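Me: I'd like to learn how to read a few features off a model like this one. Can you walk me through it?

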Amino acid sequence: YRIRARNMTGIRVLVVEDTADLREELVDYLGLQGYEVQGVGSLAAMWQAMETGGWQVLVLDLGLPDGDGVEAAAALRLRHGMQLGIVMATARGQTDQRIDGLRQGADAYLVKPVDPRELSAVIDRVGARLHTGASPQMQPWVLLCEQHALLCPNGARVDLTGSEFLALERLMASLGRPVAREDLQNLYSPGSAIVDVRRLDTLMSRLRAKVRQTAGLDLPVRTYRNQGYSFAKDGS
């Protein structure tokens, strides 16, 4: 079924999800947020809807009763190019599965249970990419404060520890400008007279490795010798 809200976002969303309750929940929420949205429960229904609906963004489950969503995403990308936004929403949460989904054409990959607020934010990002014609790699890095997570340009989400979140929050607030090691340490040990260089370097090294493993991207945090760190203004 389809919902049309009064205040439209201009983004038309097709939700492909075989679990009826979840499909209804997502359609209701997105409809209330101003999207024109329809839900279907199979790949066959998806292909039929794609022929007539003019949908801009697909929210695609991968474990569907009549086929695999990853293969469908690859076929959709071949058919529609980058003029279609594809957001995968699935229980397949292993790193290799997320990377494979992104490589097969997804703009974003969300692991269930999906927070509808996060889904809405991702759809807006994909919609902005469609509007500007930018590639997924040109989308910004976004810090999700309530979830303590980092949303990467390719849509991958990286869950953060408390220390990692505090460091990124400070660095991204000073976008492009170096943040002194003393300022970063004060986030963990306020008033400490000794800067624990090793601890900070280890934190940054582990954070870079986590982002690379989870999202397949390099975190744009630069090291300034004897000074501190910065989050690159251009995100690269």
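Me: Which residues form a negative surface patch here?

Reply: Some ground rules to start. This is a predicted model, where local features need pLDDT of at least 70 and side-chain atom pairs count only at pLDDT 80 or more, while totals for chains, interfaces and linings use all residues. Residues are numbered from 1 along each chain as its sequence is written, and side-chain values use heavy atoms, with hydrogens and water left out. Now, a patch takes residues with over 30% relative accessible area and no salt bridge, joining like charges within 9 Å and nonpolar side chains (Val, Leu, Ile, Met, Phe, Trp, Tyr) within 5 Å. Asp and Glu count as negative, Lys and Arg as positive, and His and the chain ends are not counted; a charge is placed at NZ of Lys, CZ of Arg, CG of Asp or CD of Glu. Areas are Shrake-Rupley values with a 1.4 Å probe. In this model D21, E24, E25 and D28 make up the negative patch.

Me: Where is D21, and why does it count as exposed?

Reply: D21 sits in helix α1, residues 20–32 (helices are DSSP runs of H or I, at least four residues; strands are runs of E, at least two; both are numbered from the N terminus). Exposed means over 50% relative accessible area, buried under 20%, partly exposed in between. D21 has 63% relative accessibility, so it counts as exposed.

Me: What about salt bridges: how many are there?

Reply: The test is a side-chain nitrogen of Lys or Arg within 4 Å of a carboxyl oxygen of Asp or Glu. The count comes to 13. One of them pairs R212 with D218 at 2.9 Å, N to O; R212 is partly exposed at 42%, whereas D218 is exposed at 53%. R170 and D183 also form one, with their closest N and O atoms 3.8 Å apart. That pair links distant parts of the chain, from helix α6 (residues 162–173) to helix α7 (residues 181–185). There's a network too, linking E17, D61 and K112.

Me: K112 again: which residue does a cis peptide bond join it to?

Reply: P113, with omega about 0°. P113 lies in the loop between β8 (108–111) and α5.

Me: And why is the aromatic pair edge-to-face?

Reply: Rings of Phe, Tyr and Trp (its six-membered ring) pair if their centres lie within 6.5 Å; planes under 30 degrees apart are stacked, over 60 edge-to-face, the rest tilted. The structure has one such pair. The ring centres of W141 and F231 are 6.3 Å apart and their planes are at 80°, so the pair is edge-to-face. W141 and F231 are both buried.

Notes:
Buried means under 20% relative accessible area, exposed over 50%, partly exposed in between (1.4 Å probe, protein chains only).
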